[in-house]
Structure formats: structure tokens, C-alpha cells
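Here's a walk through one structure, written for someone who would rather look at it than read tables. Have the viewer open and follow along.

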Amino acid sequence: MHSTVALFNILKKDSTAPQSRPVPQHIAVIMDGNGRWAKKRALPRTAGHKVGAETFRTIATYCKDIGVKYFTVYAFSTENWKRPAEEVETLMNLFRRYLREAIETMAENNIAVRVLGDLTALPEDIRSLIDECEQTGKQLDNPAIASLCINYGGRDEIKNAMRALARQVQAGELQPDDITEEMISSQLYTADMPDPDLIIRPSGEIRTSNFLLWQSAYAEYYFTDVLWPDFKPEHMDQAIESFNGRQRRFGGV
Ligand code: IPE
Ligand code: IPE
Ligand code: MG
């Protein structure tokens with residue numbers, strides 16, 4: 001029985017992931033193109049978000065399976081409130097559904113799901129689901145970390161960090177000249193995470209749209225025309241292959 005299971009796992013691994021290649025420790029994705037995916041099929045934009053949510057499940061699991069420790073996705077920006085109320089509501093419902101599911105399955109998958117962003121603007125029930133997720137995730141032993149950025153804005157995050165440090169200065173606990181880059185990093189939502197190594201943006205847009213502005217200082221970017229609902233593990237492999245072929249210099253020679 002055991003050997004059959006072991007053989008199955010080996011076969012499974014061979015068929016899903018190229019072996020013996022390094023993988024980035026932290027991959028982040030700007031999940032973009034759901035609306036255009038739906039438009040191409042004459043469907044409502046919300047249909048694109050539903051398929052996009054499935055893609056997130058598949059790719060988060062794939063990343064964990066190939067050994068990526070941190071997988072972070074941009075799911076809803078501080079600017080996305082500008083969208084029609086119905087679209088925002090659909091997205092909130094998808095977050096509700098996913099968070100409930102995550103609470104149920106986190107232990108089995110050994111993936112701790114976290115949410116990064118200004119949570120104060122989110123509906124109360126979503127905030128309690130996020131709390132429950134955090135608590136469940138804390139009980140896992142060395143899990144992979146999947147972070148959903150919801151009501152996340154890079155500038156908003158830096159502004160909040162500045163305010164927190166300014167309050168310490170005001171209280172006389174900190175001198176302005178003693179502020180370090182590490183102190184700023186430790187005030188961000190990503191405080192206990194390494195910076196992203198690879199940031200992927202599908203859908204053909206070539207901009208950051210306010211994602212991980214501070215943390216991306218030395219990230220490698222990968223852009224592809226594939227729309228997020230069409231994004232498959234093979235596209236992740238292509239991004240990782242591109243990443244592995246680059247030389248990161250961090251300002252050195
Ligand atoms: C990304 O897809 C999802 C969110 C921003 C919430 P879009 O909804 O931005 O899709 P496009 O860019 O309109 O195709
Ligand atoms: C960025 O996508 C935000 C998310 C993917 C959540 P947008 O679709 O909002 O970005 P812009 O408006 O094209 O820059
Ligand atoms: Mg978009």
C-alpha cells in the first residue's frame with residue numbers, strides 16, 4: 001500500500017512540476033484580466049471574477065506543491081471601490097466563500113491563508129472570517145503562506161507606516177534620525193515576510209497599480225498577455241524559468 005502511494009506521488013510530481021529547479025521563495029501576482037476574459041465571451045465581468053477565483057485556488061496550490069513558501073496575490077485594491085456596486089459585491093462574496101473554505105481546508109493543505117490590507121473598510125462578517133483564518137493559520141506547523149491583498153494600496157500602506165512612526169516620535173519614543181528602513185518595513189502589512197522575489201502581472205498591462213511599492217524595490221517582474229482566468233501552472237513554470245535565467249545584482253556588479 002505504502003509503495004503504491006509513494007509511486008503515485010512520484011508520478012504526480014513528475015507530471016506537474018519540472019524537477020530539480022530552484023523556485024523563488026516569494027512569488028506575488030497581480031490577478032488582472034478577469035473583466036476582459038468575460039467580455040471576450042460576452043459574459044458579465046462578474047463571471048470573469050468567478051473563474052479568476054478558481055485560478056487563484058489552482059495556482060496557490062501549485063505554488064505550494066512546487067515549494068514556494070510565500071504566495072501573495074493582489075485581489076482588491078484601495079482604488080477598486082470605484083467599480084460598480086454589483087461588481088464590488090460579487091468580489092466580496094467571492095472573498096467570503098474563499099475564506100470559509102480556507103478555514104475548513106487550511107490544516108489539510110498546510111497553507112496558512114492571510115489577508116493584507118486596510119481591513120477597517122471591509123464588512124464586519126468578512127473581518128471575522130479573516131480573524132478566524134489568522135487563528136487557524138497560527139496553529140499550523142511550518143505552513144506555506146498564501147496572502148490575499150484586499151483593500152490593499154501600496155501608498156496607503158506606506159502612509160499608515162509613516163503615521164505609526166510619527167506617533168512614536170510624538171510620544172518621544174523615537175528620534176527622527178533613528179528611523180531605519182527596517183523600522184519602516186516592520187510597520188507594513190508584510191512585516192514578517194521576505195520581500196517578493198518575483199512579481200507576475202498577467203493580462204498585458206505593464207504597471208504596478210499600487211502593488212507592494214516598498215517591498216518590490218528589487219523584485220523581478222514578469223509580464224504576460226495571458227488573462228488571469230486562463231493562467232495555468234504551465235504559465236507559472238514559464239515565469240519561474242524566466243526568473244531563474246536572470247541575474248539579480250542588487251546594485252552590485
Ligand atoms: C482583476 O481583473 C480583478 C480585480 C481588479 C478585482 P479586472 O476586473 O481588473 O479585469 P480587467 O482588467 O477589467 O480585464
Ligand atoms: C490591479 O488591477 C488591482 C488588482 C488586480 C486587484 P486593476 O485592474 O485595478 O488595475 P488598473 O486599473 O488597470 O491599473
Ligand atoms: Mg484590470
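Let's settle one term before we start: a residue counts as buried under 20% relative accessible area, as exposed over 50%, and as partly exposed in between, using a 1.4 Å probe and protein chains only. What you're looking at is a predicted model, where local features need pLDDT of at least 70 and side-chain atom pairs count only at pLDDT 80 or more, while totals for chains, interfaces and linings use all residues. Residues are numbered from 1 along each chain as its sequence is written, chains are lettered from A and ligands numbered from 1 in the order in which they are written, and side-chain values use heavy atoms, with hydrogens and water left out.

Start with Ile 130, which is part of helix H5 (residues 124-138). Helices here are DSSP runs of H or I with at least four residues, strands are runs of E with at least two, and both are numbered from the N terminus. Leaving aside residues up to four places away in sequence, Ile 130 touches Leu 99, Val 115, Leu 119 and Leu 122, where a contact means heavy atoms within 4.5 Å.

Now move over to ligand 1. There are 13 residues around it, and Met 31, Asp 32, Arg 36, Arg 45 and Arg 83 come nearest; to be near, a residue needs a heavy atom within 4 Å. Helices H2 (34-40), H3 (45-65) and H4 (85-109) each supply at least two residues of this shell, and H2 gives the largest share, 3 residues.

Next, look for polar contacts, meaning pairs of N or O atoms within 3.5 Å; within protein, one atom must be able to donate a hydrogen and the other to accept it, and residues adjacent in sequence count only if both atoms are side-chain atoms. A side-chain N or O atom of Arg 45 is 2.8 Å from an oxygen atom of ligand 1, and a polar backbone atom of Gly 35 is 2.9 Å from a ligand oxygen.

Most residues other than glycine have a negative phi. Ala 42, in the loop between H2 and H3, has a positive phi near 55°. Asn 210 also isn't a glycine, yet its phi is positive at about 75°; find it in the loop between strands S5 (198-201) and S6 (220-223). Which of the two is buried and which is exposed? Ala 42 is exposed because its relative accessible area is 73%, whereas Asn 210 is buried because its value is 13%.
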